[in-house]
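The structure comes first, and the description follows.

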Amino acid sequence: MSDTLLSIRGLTKAYPGVVANDDVSFDIGKGEIHALLGENGAGKSTLVKMIFGLVKPDRGEMLLDGAAYAPGKPSDARLSGVAMVFQHFSLFDALDVAENVALGMETPPPMRDLARQIREVSETYGLPLDPSRIVGTLSAGERQRVEIIRCLLQNPRLLIMDEPTSVLTPQEVEILFQTLMKLKAEGTSILYISHKLEEIRTLCDEATILRLGKNVGTCTPREVTARQMAEMMVGSSFATPEARATEKGEVLLRCDKLSLPAPGAFGTPLREISLEVRSGEVLGIGGVAGNGQDELLAALSGERLAPKGSIWFRGADISRAGPIRRRDAGLLSGPEERLGHAAAPNMSLTENAVLTGARRKGLVRNGFIDWGKAKGFAEEVIARFDVRTPGPGVAARALSGGNLQKYVVGREILQAPEVFVVNQPTWGVDAAAAAAIRQALLDLAGQGAAIICISQDLDELMEISDRFGALNEGRLSPTRPVSELDVEKIGLMMGGAHDMEVAHVDG
Amino acid sequence: MIRLERRPQPSRLWTGLTPILAVVLTMIVGGIMFAALGKPPLEAIRTIFWDPLFHPQFAGYSRPQLLVKAGPLILIAIGLSIGFRAGIWNIGAEGQYIMGAVTGAAVGLAFYPSDSVLLFPLMVVAGALGGWLWGMIPAVLKTKFGTNEILVSLMLVYVAENILASASSGWLRNPEGQGFPGSRNFKQWPAVFNDELVANTGMHWGVLVAFVAVIGAYVLMARHIQGFNVRLTGEAPRAARFSGVSPARIVFLCLGISGALAGMAGLFEVTGPAGQISIDFGSGYGFTAIIVAFLGRLNPFGILAAGLLMALTYIGGELAQLMLGLPGASIQLFQGMLLFFLLATDVFTNYRVRFARKEVA
């Protein structure tokens with residue numbers, strides 16, 4: 001017996017027009033945490049889908065513990081001891097934790113036994129979770145625990161994790177890492193997909209790097225720098241955003257005790273949010289997902305109207321103005337959800353250019369759309385933001401996540417907003433594209449725009465923000481200059497301990 | 001094992017191919033059904049699809065009927081297709097069609113026996129208004145109270161049918177009709193008779209308006225921002241709200257347009273081919289138009305072709321009843337099959353079939 005658990009030999013998968021994986025080979029050892037790195041569209045998803053039995057390879061083979069392994073569907077993979085935690089959770093909000101776990105199992109035990117098993121596993125691995133909680137009330141980190149426990153109950157030999165930390169607070173990341181180390185000590189192998197290079201350096205034993213569907217190298221993350229790994233990923237060096245020291249100008253956008261009821265049973269109400277951003281300034285808003293980020297964006301974009309007197313743009317009350325009037329004034333926004341919110345999946349990029357650019361870019365005359373001009377604008381976004389696509393006639397859903405993100409952020413930036421509110425601008429975007437998007441935001445601020453960046457990526461917020469505030473249960477902490485903060489203070493702000501001075505005295 | 005795999009983009013080829021495939025499949029399965037009924041299948045198919053246009057004896061009568069039947073179908077289906085694009089399911093075009101006819105006829109009859117040239121245009125406007133108002137009821141209920149427009153618009157068909165019945169036997173009854181139900185006959189009132197514009201073609205004002213509607217709908221959907229907003233609402237409602245489209249406005253726009261066009265179709269029918277308000281005026285055009293809209297891929301020119309095809313099966317179906325003694329229900333079944341196969345083959349637009357070898361468990 002060797003100490004290789006899964007051996008991947010020459011896996012190849014082609015889709016019409018693109019080779020997603022081209023002759024990829026690597027080994028995952030027993031009890032090894034193996035990182036899979038790559039830009040968006042590098043073929044990571046396709047590769048793990050093949051391992052998990054969601055996609056069939058065109059060529060190549062896999063050996064699991066020395067035996068041929070060719071799962072035809074995910075249940076085959078699970079029976080062979082391969083489990084996966086997806087980036088986007090597939091949980092039912094209205095059901096409780098145990099019911100959700102049962103739904104994902106091949107042969108669920110009776111509910112009472114299952115609840116006991118969940119408690120056992122959650123205690124063993126330090127993942128606190130009450131089996132009777134309704135999933136709709138859980139935070140993103142807790143939801144992830146549901147997915148992880150669902151996997152662990154089946155005693156996997158290989159656990160695949162797709163960008164697990166993108167939704168977690170620093171504290172939650174710590175807990176997750178301890179769990180993973182414990183699993184590793186018990187001999188479970190982990191295939192760990194992430195964009196966060198520092199994370200990979202602290203956690204992973206080996207890293208395989210994919211670029212354009214090919215394996216471009218394996219390295220031991222502890223022995224190389226994050227920058228070296230990133231360069232292998234993108235194949236060229238990328239620019240880290242520059243810090244700037246611009247003059248902060250007048251207040252462009254101000255919220256005055258903005259409160260809004262929750263939009264639905266699982267939404268978050270906004271509670272007395274007060275903030276202001278000045279020309280040339282980037283306000284970073286952090287917080288764990290589900291604490292009012294979407295609701296704040298909807299209130300600022302005009303999708304949901306706010307009570308009179310709560311939102312002011314250049315001294316004018318715009319609380320009751322819809323998205324079109326706000327855009328006309330110069331307040332633009334970019335929602336988190338790319339497909340279905342920021343862009344219409346089945347419509348072409350040209351059509352998606354009209355979605356928000358119709359008026360500011362003069363794409364509509366007397367009610368009629370100038371398709372030539374719209375196409376020109378779409379092409380401009382594609383060129384300026386390096387969107388990889390055959391052309392503007394392609395449907396938005398055909399783009400990879402990172403490319404579509406570049407497109408929807410670029411579409412707003414090229415409309416020269418005075419205030420730009422953006423939620424998760426680099427969610428699921430590779431390092432090079434993320435750097436480009438952040439630089440574009442900084443450039444925009446440099447030109448005198450005010451930017452509100454809502455994000456769950458704290459490194460990102462620290463990098464680009466001038467001031468920082470955190471959302472917790474729909475409340476916004478007082479905003480503070482980034483220079484006064486450290487990770488611990490931020491964690492406290494995110495946890496809802498808004499008045500840090502008092503906390504210090506008590507401590 | 002057969003698997004369906006989602007295409008990255010909807011296939012343009014299949015979008016055009018599915019209606020043809022659906023027609024072919026309908027002919028095959030319909031033929032089997034006719035055979036099971038003990039009728040010669042090939043002859044039945046030929047009677048339905050070929051004889052109405054080319055039979056030496058009947059074609060002279062049935063060919064003009066093609067436009068007479070297709071006109072209202074196309075006009076109604078164009079209106080419906082705009083709503084369907086936005087995900088607003090107006091199932092009650094039949095009711096709007098009836099109300100358009102009743103309102104328009106009532107306005108006209110109020111001026112009987114005027115011979116003003118303005119009367120017919122006035123009736124057309126009144127007909128459109130009647131259908132529009134009938135479409136506004138589900139629109140208001142949906143936007144104010146969140147009711148389901150499918151149910152409300154469908155229920156209103158039965159209300160409209162009762163209004164039609166009371167009109168034809170009561171308040172619009174021909175005072176010189178010896179007590180028989182039914183209004184005055186517009187065919188005997190030249191000022192408002194919607195006659196053929198060119199003899200023996202079946203081309204009346206309604207058909208002309210239907211053609212104009214085809215072009216108008218194409219321009220609206222392909223070039224105008226409102227058409228874009230309608231499509232956007234159907235494709236991604238959240239993206240539409242983000243864009244600044246008011247969902248309520250789209251509901252009013254779509255139900256308004258489809259109501260008005262159906263009402264106009266009703267008016268052209270009552271003043272033309274039908275001739276009078278009678279208890280059996282509602283002939284199912286409003287429902288068949290739903291099939292036409294989907295058969296035409298919600299595309300205006302597709303609807304034009306689909307309307308002609310569906311009219312053909314109507315006329316051919318009648319001919320087949322007459323000549324081969326096929327039951328009327330089997331013809332309706334045949335038309336239903338067309339929609340069924342269209343929706344079934346539609347899967348290939350968004351999915352491709354993969355034949356994978358059977359997995360060993």
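Helices are DSSP runs of H or I with at least four residues, and they are numbered from the N terminus. In this predicted model, helix α1 of chain B covers residues 12–36, and I32(B) lies within it. I32(B) also belongs to a nonpolar patch on the surface, which it forms with L13(B), L17(B), I20(B), V24(B), I28(B) and V29(B), and the accessible area of these residues together is about 620 Å². The relative accessible area of I32(B) is 55%, and because the cut-off for the exposed class is over 50%, this residue counts as exposed.

**The interface of chain A and chain B**

The size of an interface is often expressed as the accessible area that is lost when the parts come together. For chain A and chain B the buried area is about 2700 Å², of which 57% is on carbon and sulfur atoms. On the side of chain A, the residues that lose the most area to chain B are M347(A), L355(A) and R397(A), which together account for 21% of what that side buries. In terms of contacts, 36 residues of chain A meet 25 residues of chain B.

Which residues form the salt bridge? R231(B) pairs with E351(A), and their closest N and O atoms are 2.5 Å apart. Several elements of chain A, namely α10 (323–329), α11 (349–357), β18 (368–369) and α13 (401–413), each supply at least two residues of the side that touches chain B. Among the elements of chain A, α11(A) gives the most to that side, with four residues.

**Backbone details**

Most residues other than glycine have a negative phi, and most peptide bonds are trans.

In chain B, the peptide bond that joins Y112(B) and P113(B) is cis, with omega at about 0°. P113(B) is found in the loop between α5 (93–110) and α6 (119–145) of that chain.

Key:
Residues numbered from 1 in each chain as written. Chains lettered and ligands numbered in written order. Predicted model: local features only at pLDDT ≥ 70, side-chain atom pairs only at ≥ 80, totals over all residues. Heavy atoms only, no water. Patch = residues over 30% accessible without salt bridge, like charges linked within 9 Å, V, L, I, M, F, W, Y side chains within 5 Å. Areas by Shrake-Rupley, 256 points an atom, 1.4 Å probe, with all protein chains shown as cover. Salt bridge = Lys/Arg side-chain N within 4 Å of Asp/Glu carboxyl O. Buried < 20%, exposed > 50% of the residue type's maximum accessible area, 1.4 Å probe, protein only. Contact = heavy atoms within 4.5 Å. Buried area = accessible area lost by both parts, 1.4 Å probe.
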